[in-house]
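User: I'm new to reading protein models. Could you walk me through a few features, step by step?

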Amino acid sequence: MVRNYKRTSSRAKVPIDVIKIAVKKVLVDNMSRRSVAQDYNIPFKTLSRYCKKRELLDNEEDHINQVSGVGYSKHKQVFSICEEEQFAAYIKKSSDIYYGLSPNEVRKLAYQYAYELKIKNIPESWLKNKIAGPDWFTSFKKRKTDLSIRIPEATSLARASSFNRINVQRFFDNLKIVLSRHSFDPGDIYNMDETGITTVQKPNKVVARKGFKQIGRITSAERGTLVTLAYSVSAAGNSVPPYFVFPRVNFRDYFLSNGPSGCAGGANVSGWMNETHFVKYLKHFVRFVKCSKEKPILLLLDNHESHLSIESLNYCKENGIIMLSFPPHCSHKLQPLDRSVFGPLKKYVNTTWHV
């Protein structure tokens, strides 16, 4: 079955009133079909099809009144408009609560929904296969333009359940208290976060021979090592030079060769930020921001365990850094750097890596 059929311009729809008159001329007045088709500018095949189907009826009234039921017509919808709206609302709700349905699951649910509603015109293929057909799903998606097939991001139960109105409202209440207690300028409000960047970047799309599924591109290795990047940006748009954590036992100065001006770094076996490196990052941060108890700054960050050591909290207190953490498992929605900086950064790194 053609799923995207478009009627050609040569088969323009003839007004039903003209069809009724032409059919009457042929069936009642016994006029020639070809002459009537020419007189009323109707395709001969079209008029013949109407007349042939109406010849099976018994009387003249049927010929005239039931002509409108002949010709091409849309397939009957299985669900009514109201039933389909409720079905679409359920699909949206499932997606909103992180339990989105795949196309096959939607088709199976559509069959079960029709069966429970005891709909009379359920297609035979639905009853045989216990699932709605792919053509129905395609038409349903066209009718519901606010639905689309998307690739979901894996989200843990803890992350999904923690991002709620209560936790988010508590964070903004705390933010409001801090802002009312200190008159921070935009340049005094910083957001800090870490991200991991691999030494072997993912190649960009390339132009290649058509028909081959596997296309390769040379890289330094197939799997790279992870380097942690710690970065801070102010609400005014200023930024602190990055701090790198390399997956090495000992740090060497040449690790930062050709790095951004003013950057610093450290090393540990895992390559992740830990309590010791976070204190070093805070010292790096204070050296550029020039904050103090007399001129404090606000630092927004997540509540990772490396940020909560006694040493780091004491250092912040002594140097005028007021830390406010985001709620647990909510950084994917509330962390500004995650939402707007690190994604474009990694894309830019992937692009320049092969230039």
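User: Let's start with helix H1. Which residues in H1 are buried?

Analyst: Keep in mind that this is a predicted model. In H1, the buried ones are Ile19, Ala22, Val23 and Val26. Looking down the axis of H1, you'd find its buried residues within an arc of 100°, so they line one face of the helix. H1 covers residues 16-27, 12 residues in total. From first C-alpha to last, H1 reaches 16 Å, close to the 16 Å expected at 1.5 Å a residue.

User: Okay, now strands. Which way do the residues of E4 point?

Analyst: General idea first: side chains in a regular strand alternate between the two faces of the sheet. Now the case here: Ala264, Gly266 and Asn268 point one way from E4, while Gly265 and Ala267 point the other way. E4 (residues 264-268) is mostly covered, with five of its five residues buried.

User: Which strand is joined to E4, and how many bridges join them?

Analyst: That's E3 (residues 239-247), joined to E4 by five bridges, and the two run parallel.

User: Last one: at what angle do helices H5 and H8 pack?

Analyst: About 85°, with their axes 12 Å apart. Angles of 65 to 115 degrees count as roughly perpendicular, and H5 and H8 are therefore roughly perpendicular to each other.

User: And which residues meet there?

Analyst: From H5 (residues 81-96), it's Glu84, Phe87, Ala88 and Ile91. They meet Trp136, Phe140 and Arg143 in H8, the helix spanning residues 134-143.

Terms used:
Residues numbered from 1 in each chain as written. Predicted model: local features only at pLDDT ≥ 70, side-chain atom pairs only at ≥ 80, totals over all residues. Heavy atoms only, no water. Helix = DSSP H or I, 4+ residues; strand = E, 2+ residues; numbered from the N terminus. Expected span 1.5 Å × (residues − 1). Buried < 20%, exposed > 50% of the residue type's maximum accessible area, 1.4 Å probe, protein only. Arc of directions from axis to C-beta. Pairing = 2+ DSSP bridges. Axes fitted to C-alpha atoms, helices over the stretch in contact; angles between N-to-C directions. Parallel < 35°, antiparallel > 145°, perpendicular 65-115°, else oblique. Contact = heavy atoms within 4.5 Å.
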